[in-house]
Amino acid sequence: MDNVASQGRPGSPRRAKLKPPHGESAIESPPITLPRPMFEGRLLTRDTNVLITGATGLIGGELIRRLLSSDIGRVSCLIRPSETADARSRLIERLRLSGDSLVESDDRLEALAGNVAMPDFGLSGNDLAKVADSVDMIIHCASELSFIRDAHCLETNVSGMHNLIALARRCRRNPLIVHLGTVASCGAVTHQCLSENDICDPDNEHHNEYTRSKAIAERVLRDSGEPCLILRPSITLSAGIPARKFARAIAWFIPLLQEFEAVPIDPASRVDIVPVSFVADAIDRLLRKPYLHHDCYNISAGPHAATICGPVFAFLDHFYKRAEPLKLIAPSQWTKEIHRRYLGSAQRRKLFSTFRYYLPFLNMDVVYDNARLRAELGDAFPMITPAYEYGPHLLNLIAGEEKTTRRIVERLKATG
Ligand SMILES: NC(=O)c1ccc[n+]([C@@H]2O[C@H](COP(=O)([O-])OP(=O)(O)OC[C@H]3O[C@@H](n4cnc5c(N)ncnc54)[C@H](OP(=O)(O)O)[C@@H]3O)[C@@H](O)[C@H]2O)c1
């Protein structure tokens, strides 16, 4: 589905043919030959009016700040009001989390109350008419990212995609849909470097319903035939943002590791991690190009900037001043006897179960090729700051979680 001919027509979904385990063929990315440009004239200009969803989130919030830093038309943010705050207040609160109080007074920015899980995104009659009349691009960042709220994943990610497509079809200007997918839509594969053509298959085995729902959503979008650009970030950390809320979204379980002597993690496993500045800059720069050569990009660290578990955990040992380093034992060597030895007590097993959802992702040893993104952005390819540089700041932000951890441990002991 990545050619000009396929743009704007319903197409059969690409079935990912995943390489066999340990196939490292894409590690040395061959130089990419760019096909004919697509989306010519569709991307951001000074007059482009954008509707963006997920604006209160990590990536959406950063993206708004980038969008408004250059010429653009109106940026309308679809936001769920909460019980205590309307859409506008929630938008301002999010921008302030990034230490940004300038953007909030920008008169190109507006907040629209809505919910992607509702038909027409739950927009009021007036807002719907305005969106239908003026929007040129819809950037879809809203998503349920929970690994355990399966019904919410289906509702937000899949029903939300159907609602998005229906809304786009009501829009007079045939907007380009820019969809934030995820590299994890590949499902439960191991030991590979995956390119954009390899990944995204809801029929694969998946570690959780979040990644499956994202794969389904992508397929629904492709099948709709609507003009779309799919961007797939890898694990995105809130580097540089002084907000505990975002730091703990992914890193909350790290302080828990201090309760263990050993964990089933392969020290040689690679993990594709990027800072949010890289993701937001890459997306903004892609959208500002006069044309793009592909309709799908991995926004990833790739094989050359991947993070390796062994050194990361050594860094954590150092950060937490562990007396004994945490032992990383590859899952293939994690025997029943070892399990009993290190997770013998009921409390420890319960604690372990709280982060078991993350283990498959740490052990996949999968990275995502970013040769397309590099070729497209050239010298404008943003820097990928290594996790060691911003890690201490993120860990300090969640330092309070250690108290939470202790409370969980104490409670488990009490119920033990
Ligand atoms: N962060 C990562 O590591 C990562 C990696 C790969 C891909 N991605 C993708 O990137 C996108 C953005 O992720 P993120 O990290 O920014 O997520 P996030 O911080 O959890 O933000 C999710 C956003 O979606 C909004 N949302 C959820 N349900 C909604 C609904 N029913 N109606 C309207 N808005 C709703 C949330 O609004 P509320 O504030 O109202 O909850 C929030 O603004 C997602 O598509 C995600 O799948 C993220």
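Buried residues account for 41% of the 416 residues in the protein chain, a residue being buried if 20 or more other C-beta atoms, placed from the backbone, lie within 10 Å of its own. This is a predicted model, in which local features need pLDDT of at least 70 and side-chain atom pairs count only at pLDDT 80 or more, while totals for chains, interfaces and linings use all residues. Residues are numbered from 1 along each chain as its sequence is written.

The protein chain has 14 helices and 15 strands, taken as DSSP runs numbered from the N terminus, with helices (H or I) of at least four residues and strands (E) of at least two.

Of the 24 residues around the ligand, G54, T56, G57, S143 and T182 come nearest, where a residue counts as near if its C-beta atom, placed from the backbone, lies within 6 Å of the molecule. Helix α1 gives the largest share of this shell, three residues.

The residue classes of the shell are as follows.

| Class | Residues in the shell around the ligand |
|---|---|
| Nonpolar | eleven residues |
| Polar | ten residues |

The axes of helix α8 (residues 309-319) and helix α13 (residues 387-397) come within 11 Å and cross at roughly 40°, axes being lines fitted to C-alpha atoms over the stretch in contact, with angles from 0 to 180 degrees between N-to-C directions.

Methods:
Buried ≥ 20, exposed ≤ 12 C-beta atoms within 10 Å, placed from the backbone. Nonpolar A, V, L, I, M, F, W, Y, C, P; charged D, E, K, R; others polar.
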